[in-house]
Amino acid sequence: MSAKTVAFIGALCFNYQELVPTLQDHLDEMEGEILPHLVMADIIRWMSSNCNDNAPLVKNIINWISDAIQKHGQDQEIIDLVSVSGMEMIPDPGKPGSILRDWLPSTLKELDPWKT
């Protein structure tokens, strides 16, 4: 855990208040500690669960993450957070929620383990 990855999660949840309950659940389970990789995985699960009912919001979150990667492209901690705990948590092709892969901008497609 680093200040950068905690800040990334905080900024993401602050910009998308719909994610605050996910962060709060994490804080409750971790006795107030933020473990960014676990929260990122929870956020991807939330996005997968909400992609059909709230596609515009989920697409906006994806684009926010992509923009952050572009702005901080040389920051390996942020890239690892998004890659390992984000892209790898998108459901496998053919599974519910896997449509997220179709919505990934090129910046994030590069981090997707299913890229072709």
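Tutor: Start with Cys51, whose sulfur is 18 Å from the closest cysteine sulfur, in Cys13, too far for a bond. This is a predicted model, in which local features need pLDDT of at least 70 and side-chain atom pairs count only at pLDDT 80 or more, while totals for chains, interfaces and linings use all residues. Residues are numbered from 1 along each chain as its sequence is written, and side-chain values use heavy atoms, with hydrogens and water left out.

Student: Why is Cys51 called buried?

Tutor: Buried means under 20% relative accessible area (1.4 Å probe, protein chains only), with exposed over 50% and partly exposed in between. Cys51 has 2%, and is therefore buried. Cys13 is also at 2%, so the label buried applies to Cys13.

Student: Which residues touch the most other members of the largest nonpolar core?

Tutor: A nonpolar core is a set of buried Ala, Val, Leu, Ile, Met, Phe, Trp, Tyr and Cys residues joined through side-chain atoms within 4.5 Å. The largest one has 36 residues, and Phe8, Ile9, Met47, Ile61, Ile65 and Leu108 touch the most other members.

Student: What is Phe8 in contact with beyond its sequence neighbours?

Tutor: Contact means heavy atoms within 4.5 Å. Leaving aside neighbours within four places in sequence, Phe8 contacts Met40, Trp64, Ile65, Ala68, Ile78, Leu81 and Val82.

Student: How do you know how α3 and α4 pack?

Tutor: Axes are lines fitted to C-alpha atoms, for helices over the stretch in contact, and angles run from 0 to 180 degrees between N-to-C directions. For α3 and α4 the angle is about 145° and the axes are 9 Å apart. Met40, Trp46, Met47 and Asn50 of α3 meet Ala55, Leu57, Val58, Ile61, Ile62 and Ile65 of α4.

Student: And what are the values for α1 and α4?

Tutor: Their angle is about 145°, with the axes 11 Å apart. On the α1 side the contact is made by Phe8, Ala11, Leu12 and Asn15, and on the α4 side by Ile61, Trp64, Ile65 and Ala68.

Notes. Helices (H or I, at least four residues) and strands (E, at least two) are DSSP runs, numbered from the N terminus. A disulfide is a pair of cysteine sulfur atoms within 2.5 Å.
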